[in-house]
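Hello,

Please have a look at it first, and then read on for what turned up.

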Amino acid sequence: MSVCVCMRNRQKSEIIRDILVVCNGGSIISRIMCNTYLTYHQTKAYLRELIQTGLVEDDHLDRKFWTTEKGLEYIANVERISELLPIETKRAIKSKPMWP
C-alpha cells in the first residue's frame, strides 16, 4: 500500500524557514533532510548559504546544525509576514481537507 504525498513547489523562503525550524535546538543533516523533504545535495547547498548569512551555525564535533539568534528573528519575521499576507503555505495546505 503506497501513500500519496502531495508536494507542491515551495518558495525559497519557505524552505529556509523549514530548515531553521528543524535546526532550532540542534539537528543532524539526515533529520533536516527528512523533515524538509530535500535531497542531501539540496540540504547541503541551503545549509552552506544559511551558514554564510549567519542564520545557522554548525558544530563539527557533534555534526549538528543550530539556528542562531539571527535565524530565530528570521523565523519570527516570516511568520509575521505570513499573517499579514494571504500566502498559501505547506502548513495551510495540510490543515485544509483534501476532498470537498
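Before the first helix pair, one term: a helix axis here is a line fitted to C-alpha atoms over the stretch in contact, and angles run from 0 to 180 degrees between N-to-C directions. Please also keep in mind that this is a predicted model.

Let me start with helix H1 (residues 12–23) and helix H4 (residues 69–84). Their axes lie 10 Å apart, and the two helices pack at an angle of about 130°. H1 is therefore oblique to H4. Their crossing is left-handed. On the H1 side, the contact is made by Ser13, Ile16, Arg17, Leu20 and Val21, while H4 brings Gly71, Tyr74, Ile75, Val78 and Glu79. Sorted by class, the residues of this contact are 6 nonpolar, 2 polar and 2 charged.

A second pair is H2 and H3, which pack at an angle of about 105°, again with axes 10 Å apart. That angle makes H2 roughly perpendicular to H3. Here Ile29, Ile32 and Met33 of H2 meet Tyr40, Thr43, Lys44 and Leu47 of H3. This contact has 5 nonpolar residues, 1 polar and 1 charged.

Next comes the core. The largest nonpolar core has 16 residues, and those touching the most other members are Ile19, Leu20, Ile32, Leu47, Leu50 and Phe65. At least two core residues come from each of H1, helix H2 (29–36) and helix H3 (40–52). H1 gives the most, with 6 residues.

Thr43 sits in helix H3. Thr43 counts as buried because its relative accessibility is 0%. Apart from neighbours within four places in sequence, Thr43 is in contact with Ile29, Ile32, Met33 and Leu38. Thr53, in turn, belongs to the loop between H3 and strand S1 (56–59). With a relative accessible area of 37%, Thr53 is partly exposed. From Thr53 to Lys70 there are 17 residues in sequence, and their C-alpha atoms are 9.2 Å apart in space.

Enjoy exploring, and write back whenever you like.

Best wishes

Definitions and conventions:
Residues numbered from 1 in each chain as written. Predicted model: local features only at pLDDT ≥ 70, side-chain atom pairs only at ≥ 80, totals over all residues. Heavy atoms only, no water. Helix = DSSP H or I, 4+ residues; strand = E, 2+ residues; numbered from the N terminus. Parallel < 35°, antiparallel > 145°, perpendicular 65-115°, else oblique. Left-handed = near helix turned anticlockwise from the far one by under 90°. Contact = heavy atoms within 4.5 Å. Nonpolar A, V, L, I, M, F, W, Y, C, P; charged D, E, K, R; others polar. Core = buried A, V, L, I, M, F, W, Y, C linked by side-chain atoms within 4.5 Å. Buried < 20%, exposed > 50% of the residue type's maximum accessible area, 1.4 Å probe, protein only.
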